[in-house]
Amino acid sequence: MLISEFARAAGMSVDTVRFYIDKGLLKPTRSAKGGSRPYQMFNHTDLTTARMIRLQQSLGYSLAEIAALNKEYRSGASSTARTAAVLRKQIARLDDKKQSIDAALAFLRAKLQWVEDGKPNDAPHLEDYYC
């Protein structure tokens, strides 16, 4: 698919797709068409990559971190052991984030309950929750 079609399928603007290409996060193939500016062709794997980039951004990964993970993943794509190691690393990192988010949610829920109960006694303290 061409860039405009790809952008639509990925739920991104064409400018965002071009930005990701410039940063090396997406690597479309070049077609013979287009003369001095060959068309960029995207496939299903590129679509999955774009969606993973968006997911990782929503989880707080920087573009530099995403690029490093992407590069690691691609370099080990032919090695099951290397792919598994990269995936384990991501899972561990997300588990850590999940613990922090769960703690923050517990604090916020306790604070909300305290407010709704009319603010009796002392307010919940953030330091009592692991964040």
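## Before we start

What you're looking at is a predicted model, where local features need pLDDT of at least 70, side-chain atom pairs count only at pLDDT 80 or more, and totals for chains, interfaces and linings use all residues. Residues are numbered from 1 along each chain as its sequence is written, and side-chain values use heavy atoms, with hydrogens and water left out.

## Two helices side by side

Let's begin with helix α4, residues 63–75, and helix α5, residues 80–116. (Helices here are DSSP runs of H or I with at least four residues, strands are runs of E with at least two, and both are numbered from the N terminus.) The axes of α4 and α5 sit 9 Å apart, and the helices pack at an angle of about 155 degrees. Axes are lines fitted to C-alpha atoms, for helices over the stretch in contact, and angles run from 0 to 180 degrees between N-to-C directions. That's why α4 and α5 are roughly antiparallel to each other (over 145 degrees is roughly antiparallel, under 35 roughly parallel, 65 to 115 roughly perpendicular and the rest oblique).

Who does the touching? On the α4 side you'll find E65, L69, E72 and Y73, and on the α5 side R82, T83, V86, L87, K89, Q90 and R93. Contact means heavy atoms within 4.5 Å. Sorted by type, the residues of this contact are four nonpolar, two polar and five charged (nonpolar: Ala, Val, Leu, Ile, Met, Phe, Trp, Tyr, Cys and Pro; charged: Asp, Glu, Lys and Arg; polar: the others, Gly among them).

## A tucked-away asparagine

Helix α4 also holds N70. Is N70 buried or exposed? With a relative accessible area of 12%, N70 is buried (buried is under 20%, exposed is over 50% and partly exposed is in between, using a 1.4 Å probe and protein chains only).

Set aside the neighbours within four places in sequence, and N70 is in contact with L25 and T49. A polar atom of the N70 side chain lies 2.9 Å from the backbone oxygen of L25.

## Aromatic pairs

How many aromatic pairs does the structure hold? There are three. Rings of Phe, Tyr and Trp (its six-membered ring) pair if their centres lie within 6.5 Å; planes under 30 degrees apart are stacked, over 60 edge-to-face and the rest tilted. One of the pairs is F19 with Y20, which is tilted, at 6.1 Å centre to centre and 55 degrees between the planes. F19 is partly exposed at 37% relative accessibility, whereas Y20 is buried at 2%.

Another pair is F107 with Y129: the ring centres are 5.6 Å apart and the planes are at 70 degrees, so this one is edge-to-face. F107 lies in helix α5 and Y129 in the segment after α5, so the pair ties together parts that are 22 residues apart in sequence. F107 is buried, with a relative accessible area of 14%, while Y129 is partly exposed at 25%.

Most residues other than glycine have a negative phi. Now look at the segment after α5, where you'll find K119 and N121. K119 isn't a glycine, yet its phi is positive, near 60 degrees. N121 isn't a glycine either, and has a positive phi of about 55 degrees. At 73% relative accessibility, N121 counts as exposed.

## One last stop

Helix α3, residues 44–58, contains R51. R51 is partly exposed, with a relative accessible area of 43%. From C-alpha to C-alpha, R51 and L94 are 17 Å apart in space, and they are 43 residues apart in sequence.

Note on methods
A polar contact is a pair of N or O atoms within 3.5 Å; within protein, one must be able to donate a hydrogen and the other to accept it, and residues adjacent in sequence count only if both atoms are side-chain atoms.
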